[in-house]
Amino acid sequence: MLFEVTKKNNATTAYRQLPAQISASWQFCDRHQVNPLLIKPSQKLSPTQLAQKRQDYQPLLQLIHSFRNQLVLESKTEDILFVVTDSQGNIIDRRGPQAAQTLADQINFQEGNNWSELAVGTNAIGLALTSKQLTSVILEQHFAAGSKQWSCVAAPIFDSQQRLLAIIDLSAYHCAHIQDLQWYLLTLATKINEQLLRDYTDLLEYAVQKPSDTVICDCRYQVVKIDTPNPWQLTQGANLQPLLQKQIFTNPQKIFCHKRLIGYQYSWPTNLKLVKSANHQVAMTVSYNSAYRALIAQVQQAAHSDLPIHIFGESGSGKEIIAQLIYRTSHLQRQPLIVLNCGALSNDLLISELFGYAPGAFTGASAKGYVGKLKQADGGTLFLDEVESMSLSMQRSLLRVLEDHWVTPLGGQPQKTHFRLITASNQDLKQLVQQKQFRADLFYRIYLLPFHLPPLRERFEDLPLLIENFCEQRSWQLTWQKKIIPIAQKYSWPGNIREFNNFLQRLWVYYSHQEPSPAVIKDLIEVGALNSKTDPLATSPIIASPKTKKPASEAQQLQAALQKNNFNKTQVAEELQISRTTLYRKLKKWGLDA
């Protein structure tokens, strides 16, 4: 064997007996201690990895085999294998006579195995990977013992940007004359590369005609067209698959040209289209969190109706943002949106603000009187935040207006009014009704389309988007935002988005032109927290009180799982191997559902 000669005698002289490219490869293998006695390589894709590879390469495989069927290989050798690898040399497709496949199986020259130089020594696939040119290796020119009975020729396949896509290899058993294989493979590879370039040109022509709210990618999910800037900072050539797995984009469509699949088209999320209006509040409804996106989709559906909508969520979770989205999505967006925080006013002031008053209705009243919010909203939308803070008598008055659509200002005459009502609360209205703190009749009037907003701790994947939105408002070119996220994920943010934005404000004021240390970021978070030393993500598990008679072990297990998974309930359910329904029941049972 030639390798043994090189070891025993002068290595330089032995290497010179080989073609230059083969000699260089042997020296490379020698330096990297590739085993020349190797029969079977050990690097192998798992069945799942191989299946995913084949799925990703399916359009290219179809193109390769369509041209392969058109070209006739005029070789007298019957034992020829047709092999396709990915851009790393992993075999993803192998075809040929059964006799040849059986022989190839003996050296693991089969789907799932890696055939790079480092894996199996000098071979045509490995050389084509490094040289990116048509390459052949004949019999004894192979470095490893297992390959020396084969002659192989391999050619690279490139995309439109001349990036390596795949390697096509023809391998013949016990055949030293492979000139026919070389010409055949050169012709085949040339036709495939030309077709891929035509496909890309056709895809560009298609993309130019499409509106700006679409995303176009090729068959390998490389972006061909996308609006820039965009929340994901994607540019042409970027890989779209991570966002597709998160189901960010909607309405997928296949793009065909001359009956060939050349790419895919996706629509921007409906709520993301509103970002272009420069309304940063609406931009904050864009999300990487699948549960939150599903909620936003339902909200947008509900917005097209005239039915009352109720939004329930923790303080700072974005209830007003959702109200704005409903208003801007509805058919009433050209009519007024009247906003009133019921919790910010005393009962007497709330009556005046809602119902208004006639001139001179009471001592100190304006001589011109005042048109109340209920009348101001006529024909439009009324948003009542913290509606649970209304007194029972005020609730009764509001109910009467909702039932007969008449409002009577203090000291004035009844006036007709009709509006779309959106309410919001920090507390669960169902519990308040059971506690006799909220009227059941008003509850049934306003609770037709309820939405429960998740807290920020359940959608930590949206922290990058919140940071980007904040930076966009202030034209802040922040280059170290990835430094913020792992630290921010250690806190529960009871003040939710409002608290997080407050932290960003402090960060911007003090560090708009320099990069803070992790300790400084931590301090800037804690300085605005109400209970930083006992934050829910840093505290010990909650122990059940004797009054509830709940077993501490289950409560501790739930609390620990919540903390470990950053309060992502889907991940908690998977870890505990229970359904989400069972998880919510247990959380509610032990008082951990807040």
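Patches were built from residues with over 30% relative accessible area and no salt bridge, like charges being joined within 9 Å and nonpolar side chains (Val, Leu, Ile, Met, Phe, Trp, Tyr) within 5 Å. The structure is a predicted model, in which local features need pLDDT of at least 70 and side-chain atom pairs count only at pLDDT 80 or more, while totals for chains, interfaces and linings use all residues. Residues are numbered from 1 along each chain as its sequence is written, and side-chain values use heavy atoms, with hydrogens and water left out.

A nonpolar surface patch consists of Leu134, Trp183 and Leu186, which together have about 300 Å² of accessible area. Leu134 belongs to the loop between helix H8 (124-131) and strand E3 (135-138); helices (H or I, at least four residues) and strands (E, at least two) are DSSP runs numbered from the N terminus. Leu134 is classed as partly exposed because its relative accessibility is 34%, where buried means under 20% relative accessible area, exposed over 50%, and partly exposed in between (1.4 Å probe, protein chains only).

The model contains 16 salt bridges, each defined as a side-chain nitrogen of Lys or Arg within 4 Å of a carboxyl oxygen of Asp or Glu. Side chains of opposite charge can pair when their charged atoms come close. One of the bridges joins Glu111 and Arg54, at 3.5 Å from N to O. This pair connects distant parts of the chain, 57 residues apart, with Glu111 in the loop between helix H6 (98-105) and helix H7 (117-120) and Arg54 in helix H4 (residues 47-56). Glu111 is partly exposed at a relative accessible area of 28%, and Arg54 is partly exposed at 24%.

A salt bridge is also formed by Glu140 and Lys148, with an N to O distance of 3.7 Å. Glu140 is partly exposed, with 47% relative accessibility, whereas Lys148 is buried, with 9%. In the salt bridge between Glu314 and Arg457, the closest N and O atoms are 2.6 Å apart. Glu314 is in the loop between strand E10 (309-312) and helix H14 (319-329) and Arg457 in the loop between strand E18 (449-452) and helix H20 (463-473), so this pair ties together parts 143 residues apart in sequence. Arg457 is buried, with a relative accessible area of 8%. Through shared partners, salt bridges also join Arg54, Asp93, Arg95 and Glu111 into one network.

Two packed helices are described by the angle between their axes and the distance between the axes. Axes are lines fitted to C-alpha atoms, for helices over the stretch in contact, and angles run from 0 to 180 degrees between N-to-C directions. The axes of helix H13 (residues 290-303) and H14 come within 8 Å and cross at roughly 45°. H13 is therefore oblique to H14, since angles under 35 degrees count as roughly parallel, over 145 as roughly antiparallel, 65 to 115 as roughly perpendicular and the rest as oblique. For H20 and helix H22 (residues 496-511), the axes come within 11 Å and cross at roughly 50°. H20 is thus oblique to H22.

Trp476 lies in the loop between H20 and helix H21 (485-488) and is buried, with a relative accessible area of 8%. Its C-alpha atom is separated by 8.3 Å from that of Trp508, with Trp476 and Trp508 lying 32 residues apart along the chain.

Definitions and conventions
Accessible areas come from the Shrake-Rupley method with a 1.4 Å probe; for residues, only the protein chains shown count as cover.
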